[in-house]
Amino acid sequence: MHASDLEYGDCGVGAYCLGGCDPLHSNSLDSCVPAPTCKTQDYKLNTLDGITSNTKYLGDASKSNWVASGTPLIQDNGGPLVLNMNETNGGTLLASASYVWYGKVSAKLRTSRGKGVVTAFILLSDVKDEIDFEFVGADLLNAQSNYYFQGITNYDQGKNLSISDTYNNEHTYEIDWTPEKITWSIDGKQLRSQTKAETWNATSNQYHYPQTPARIQLSLWPAGGASNAKGTVDWAGGQIDWNSQDMQKYHYYYALVSDVNVQCYNPPSGANVSGKTSYVYTGPAGTNDTVSTTDKQTVLKSFLGTGTNMSAELPSPVSSTKPSGTSSTSAAATSSEIAVIPGLSGAGTGSNGLRGGSGNAGTGGAGSGSGNLGSDGGISSAPASTASTIGGFSQGNTAENTQGKSGAPVKNERVLQGSLFAGLVAVVGLLAL
């Protein structure tokens, strides 16, 4: 069964059925793969170990802490992690492999800067519940806090939180989320709170309060892209200057993240808990009383899998030798293309079921090398080449999709590489859709 990926507004199999898969807009609630449960942990982002490209991640949160769209980099000598964005790569998105269903989450980071450039630290559920810290690069003295229920836009909910220079100073941003209250804190100081009781909506007869399991997302994205809606560009401070100081010196905009700390809370009172492995939706309301904690597995066997067929395998390699007297028609001639990875046009696993360029499916992970931090905290190395990798994502509650190819890994920095190619060719009938 095809599933819908809320970040892209498209349908497919494989990665579409993993993190970000919207069960309320998929073929059925179980089209989406069960979501890995919360994991209390302090993530020191001083290595690319534990970060897997979304071209390789199949749902195993025991082997991956983060799933990357784009090309995150890591600095030598203990980090930090670099979210980067140039004119062609669409930015960088890092999403947690495990979900949080209430908890305290903090991130130590330095934001990017410049009009149209937005850094974000958010919690986003598959049904579009959302809790935000967002940082507009044209305003380095405020952090924007916001929350949404199932993606419903309410322009009265956002509040600015005053702070010192977010580009030059690292701050600790914290979201403390319970079934009854959300608190936003910066450097240990509580600056805003929102109770569930205050979110009652008499029209819909329900609380418009974030209440479903969410992934942690860290991103740098081009809100001021020329093709974006005017309202988005205006909110972001104007169109991006691709000839800015940072672009000329480093060849990309960047934000730095050194640490993410997660403290999980218990499921809400009355929750249906029959296991500890995964979260699943049991009803179409998309509220916390329709979420269960189960022991259902979270890992697909291949990118042809879905929540209803998690064991689907890739097609066997097609022999190049044609038996005498047979038709020259190849398997490709009797096949169909299936979208399996968001952000790639015609995305797929490559010819004969293998990742393009690498010759095998791989398990993700990091390369090797080193990088140097400039005296102002930026990246002192210039890009040595351009490498196309996975790109394209929509950050939280926006009307635009910012899609593109990731590129420009920097010389002597450790780079998480994605696939160069798209184009899944699967034998018709292999997977019952």
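This is a predicted model: local features need pLDDT of at least 70, side-chain atom pairs count only at pLDDT 80 or more; totals for chains, interfaces and linings use all residues.
Residues are numbered from 1 along each chain as its sequence is written, and side-chain values use heavy atoms, with hydrogens and water left out.

Strand 9 covers residues 92-100; strands here are DSSP runs of E with at least two residues, numbered from the N terminus. Two strands are said to pair if DSSP finds at least two bridges between them. Strand 9 pairs with strand 20 (residues 214-221) in the antiparallel sense, over 6 bridges. Strand 6 (residues 66-69) is also an antiparallel partner of strand 9, over 4 bridges, and here S69 stands opposite L93. Because 9 of the 9 residues of strand 9 are buried, this strand is largely enclosed by the rest of the structure. Buried means under 20% relative accessible area, exposed means over 50%, and partly exposed lies in between (1.4 Å probe, protein chains only).

Turning to the aromatic rings, a search of the whole structure finds 13 aromatic pairs. Rings of Phe, Tyr and Trp (its six-membered ring) pair if their centres lie within 6.5 Å; planes under 30 degrees apart count as stacked, over 60 as edge-to-face and the rest as tilted. W101 and Y102 form a stacked pair, because their ring centres are 6.3 Å apart and their planes are at 20°. W200 is partly exposed, with a relative accessible area of 41%, and Y207 is partly exposed at 32%.

Charges also meet rings: a charge sits over a ring if NZ of Lys or CZ of Arg is within 6 Å of the ring centre and within 35 degrees of the ring normal. R110 lies over the face of Y167, 5.7 Å from the ring centre, and R192 over that of W184, at 4.5 Å.

Finally, a nonpolar core is a set of buried Ala, Val, Leu, Ile, Met, Phe, Trp, Tyr and Cys residues joined through side-chain atoms within 4.5 Å. The largest has 52 residues, of which F121, F133, W177, L218 and V260 touch the most other members. Strand 21 (residues 253-264) gives the most to this core, with 5 residues.
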